[in-house]
Amino acid sequence: MEPFTCFMDVENSRSYIDELYSEENCKCLGAIVHLKNAVIGSNKKKGSIISQGIVPRLIALLCNAGKPLQLRIEAGIVLGSLAKGTESQVHSLMRFNTVEVLITIIFDPATDERLMETCLGALQTIVQYPFAPLDLIHSDINNMKRLIQIASPGSSFACQTYVVNVFVPLCHSSHQQKNLCQADVIPFLARLMTSDNTALQVPALKCLAAMCFTNKSVSNIVHATYHADRSILDILTVLLSRTRDVQVQLSASRCLTYLHRAGSLPAEDYRIVYKTLPCLARLCSDEFEEDTRATAAETLAYLAEIDSELQRLAAISNHLIASLANLVKCPSVLSRQGAFRCFASLAANDEEIRKRIIEMDGLMEEVLSGLKDCCPEDHSVWRPLMDLLSGDPSLELQTVVTSTICNLLLEFSPAKEPMLESGAVEMLCELTKHPDPALRLNGSWALMNMAFQAEQHVKTKIINTLGTDRIFQLLGDRDERVIMKTLGLLRNLLSNTLHIETIMSEHSSEVLRAVSLVLDDPHPPEVKEQAIIIIGNITAGARDEDYVLQDEKIVKKIRDFLVANDNKLQMGAVFVVRNLLDKSGRQHILRQWGFLENLEQLLHMTPQHSQFYEDIRDEILRFDYSEDH
C-alpha cells in the first residue's frame with residue numbers, strides 16, 4: 001500500500017487512517033474532521049483520498065442512521081468537498097452511486113435538517129456536471145415536488161438556495177421542462193424571484209429562463225402565472241431596474257428574451273422594446289464586468305435576431321455598436337463570440353447598420369483578426385484565443401466570426417473593398433476546405449455575398465483564388481447547404497453581361513461542367529433550379545459564343561425539364577428558353593432539339609388562368625415568327 005500522503009501532510013501519522021474505520025465514534029469523528037481540513041482547496045489531496053478507496057467508508061458512515069448525527073454530517077461535508085474537485089474525481093464519485101445515496105437521504109422524511117442541508121449542498125455541486133445522473137430526479141415528478149416542499153418558505157435559507165440551484169440544470173430538454181411544469185416549479189420560482197436575496201433570485205431566474213427556452217407551451221404558462229397578485233411578466237420587468245443587482249438584471253432580461261423568442265411575448269410589447277432591449281444594450285457597456293457584457297451581447301443577439309425593427313432599435317441604443325467594438329478587443333473567447341454574434345444579428349437586414357459597423361475605427365481589423373485565428377492552414381488555431389480550462393479545440397468562435405462576415409458582406413455593403421484589401425478572399429477560400437460543414441458553409445456563403453453585384457476585379461479575384469477544382473468539390477459536398485451557396489456564388493459571378501463574357505471566355509468548359517454535375521446528381525428541385533438559373537444567365541449574357549447550345553448534354557437536360565414533374569424545374573427551363581430565343585437564329589435549332597414539342601406539352605399541363613400559362617404561350621408564339629421578324 002502506497003503512503004497516504006494526505007494524512008502524512010496533516011499529522012505525519014497513519015493512525016488517522018485506522019481511526020477512520022474505528023467503531024469508536026469519537027475517534028472516527030476526529031479522523032473525518034482532520035480529513036475535511038486536509039481536502040479543502042486541494043484537488044491533489046482529494047485525488048489521494050479517492051485513490052485510497054476511502055469514499056465507500058464515507059458513504060457507509062453517511063448512510064448509517066445508527067451513527068451520531070455530527071459524524072454523518074461531517075462525512076457528507078467531505079463528500080461535498082470531493083465533489084468540488086476535478087471532473088475525473090467527480091466521475092470517480094459516480095462509481096460509488098453517490099447521487100443515489102444523497103437523494104435517498106434527502107427524500108427521507110426522518111432526515112435531520114442539518115444533514116439534509118449537507119446532502120443538498122453536495123447534490124447541488126454534482127448535478128452541475130453534464131454526466132450527472134439527472135434521471136434519478138426526473139424519473140418521478142414526486143421527487144421534484146418533494147424538493148419544492150423541502151425548500152418551503154419556512155425552511156432554512158441554505159435549503160432553499162441548494163434546491164433552486166439543483167433545479168437549474170434540470171430543465172434543458174423539452175421533456176425536462178414539461179416535467180418541471182407538472183411539478184409546479186414555476187410558482188416556486190416566482191416566490192424566490194420576489195425575495196430580497198440575490199442568491200435566491202439569480203438561480204430562480206436562470207431556471208425560469210432555461211424552462212422557457214424554445215418552449216412555447218412552457219412560456220405560455222409562465223406568461224399566465226401570477227404570484228401574490230402580480231404576473232411573472234411584471235415581476236421580471238421590475239427586476240430590470242438599474243437599482244437591482246447586475247446579475248438579477250441580466251437573468252431577468254434573458255427570461256423576457258426567451259419568452260419573446262418562444263412566441264409568448266410579441267416584439268412590439270413595451271416590456272421588450274422599452275425594458276429588455278435597453279437593459280441588455282446598457283449591460284454591454286464598459287462599466288460592467290467582461291463576462292456580464294459577453295452574456296448580454298449574446299442575449300441581445302438572440303433577442304433581435306429575427307426582427308428588423310428590434311435590430312434597428314438596438315443599433316441606436318446606448319452606444320451599443322461602440323460597446324461591442326470594445327468587447328471584440330477582449331481576450332476572452334466568450335467576449336469576442338458574444339460581440340461577433342451581436343454584430344451578425346444587427347447587420348442581418350439593414351445596410352445602414354452594416355455601414356456603421358464597418359466604419360467603426362479599427363473594427364474591421366479585429367473581425368479579420370478573428371477570422372485569421374481560425375484559418376485552417378495551421379491546425380493549432382483550433383484553440384481560439386484563450387480556451388481557458390479544457391484546452392480542447394473549439395469551432396464556436398470561428399462559426400460566429402464567419403457568420404458575422406456573411407452578414408456584413410450582404411448587398412451593397414461597404415465592407416467588400418476593405419475586406420478584399422485585407423486578404424479576406426484568401427481566408428474565406430481556405431475556409432471552404434474546412435472539415436467542419438458549418439465553416440465550409442460560411443466560407444461559401446460569404447464568398448457568394450462578396451460576389452453579389454461586385455466589380456469585375458472582385459469576381460476575378462474570387463475565381464482565381466478559389467479555383468475551379470475547388471468549386472467542383474464544393475458542388476459535390478455532402479452538405480446540401482454548401483452546394484446551394486456555391487451555386488449562389490456562381491450565379492452572382494455570372495450576373496452581368498460583360499462579366500459573363502469575360503468569365504466564360506476563360507472558364508466556359510469548367511463552368512458548364514460544374515453546372516452539369518449538379519443537374520446529373522440526385523439533388524432536390526430547389527438545388528437544380530439554381531443551376532438552371534446559372535444556365536439562363538449565361539444564355540442571356542454571352543455575346544460572342546453560344547456556350548450553352550454547344551453543350552448537347554445540358555441542352556437535353558433543359559428540354560426534359562420543361563415536362564418534369566416539378567414547377568421549379570419547369571419555370572427554370574422556360575427562363576432558359578426565353579433567353580435563348582432572344583438571340584436570332586435559334587428557333588430552328590431549338591425546334592430540332594424538340595423544345596417546341598415539349599413547350600406545347602407543358603402548356604397542356606399548366607392551368608390556363610395562371611401567369612405561367614401566359615409565359616409558356618408567349619414562348620411558343622415566338623417559334624411561329626420567321627427569322628426576319
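**Notes on the predicted model**

1. Gln337 is a residue of helix H23. The model is predicted, and what follows is to be read on that basis. With a relative accessible area of 8%, Gln337 falls under the 20% limit and is therefore buried. The side chain of Gln337 makes a polar contact with the side chain of Glu298, at 2.8 Å.

2. His434 is found in a loop, with helix H28 (424-431) on one side and helix H29 (437-451) on the other. Is His434 buried or exposed? His434 counts as buried, because its relative accessibility is 3%, where the limit is 20%. The side chain of His434 comes to 2.8 Å from the backbone nitrogen of Asp436.

3. Val574 belongs to helix H36 (residues 567-581). Its relative accessibility is 1%, so Val574 also counts as buried. Val574 and Asp615 are 41 residues apart along the chain, and their C-alpha atoms are separated by 8.1 Å.

4. How many aromatic pairs does the structure hold? There are 5 aromatic pairs. One of them is formed by Tyr129 and Phe131, with ring centres 5.2 Å apart and planes at 35 degrees, so this pair is tilted. The angle lies between the 30 degrees below which planes count as stacked and the 60 degrees above which they count as edge-to-face. Tyr129 is buried, at a relative accessible area of 17%, while Phe131 is partly exposed, at 23%.

5. Tyr258 and Tyr302 also pair: their ring centres are 5.7 Å apart and their planes stand at 75 degrees, so the arrangement is edge-to-face. Tyr258 is in helix H18 (residues 246-261) and Tyr302 in helix H20 (residues 290-304), so the contact ties together parts that are 44 residues apart in sequence. Both tyrosines are buried. Ring pairs join Phe213 to Tyr258 and Tyr302 in a cluster.

6. Two charge-over-ring contacts deserve a mention. The charged end of Arg261 sits over the ring of Tyr302, at 4.1 Å from the ring centre. Lys485 lies over the face of Trp445, with 4.0 Å to the ring centre.

7. The largest pocket has a volume of about 600 Å³. Its lining comprises 22 residues, and those nearest the centre are Ala301, Glu305, Arg341, Ala344 and Ser403. Which elements give two or more residues to this lining? They are H18, H20, helix H23 (333-346), helix H26 (396-408) and H29. By class, the lining has 11 nonpolar, 7 polar and 4 charged residues.

8. The second largest pocket holds about 390 Å³ of space. It is lined by 19 residues, with Val168, His172, Lys206, Ala210 and Arg254 nearest its centre. At least two lining residues come from each of helix H15 (198-212), H18 and H20. Which element gives the most to this lining? H18 does, with 5 residues. The lining divides into 9 nonpolar, 7 polar and 3 charged residues. H18 and H20 are also among the elements that give two or more residues to the lining of the largest pocket.

9. A search of the whole structure returns 3 cavities of 30 Å³ or more. The largest cavity contains about 50 Å³ of space. Around it are Ile463, Thr468, Ile471, Leu490, Leu493, Leu494, Ile503, His507 and Val511. Two or more of the lining residues come from each of helix H31 (468-475), helix H32 (480-493) and helix H33 (497-520), and H33 gives the largest share, 3 residues. In terms of class, the lining of the largest cavity has 7 nonpolar and 2 polar residues, and no charged ones.

Terms used:
Residues numbered from 1 in each chain as written. Predicted model: local features only at pLDDT ≥ 70, side-chain atom pairs only at ≥ 80, totals over all residues. Heavy atoms only, no water. Helix = DSSP H or I, 4+ residues; strand = E, 2+ residues; numbered from the N terminus. Buried < 20%, exposed > 50% of the residue type's maximum accessible area, 1.4 Å probe, protein only. Polar contact = N/O pair within 3.5 Å; in protein donor to acceptor, adjacent residues only side chain to side chain. Phe/Tyr/Trp six-rings, centres within 6.5 Å; stacked < 30°, edge-to-face > 60°. Lys NZ or Arg CZ within 6 Å of the ring centre and 35° of its normal. 1 Å grid on protein atoms, 1.4 Å probe; cavity = no way out; pocket = protein on both sides within 12 Å on 5 of 7 lines; lining within 4 Å. Points joined across faces, edges and corners; volume = space filled by probe spheres on them. Nonpolar A, V, L, I, M, F, W, Y, C, P; charged D, E, K, R; others polar.
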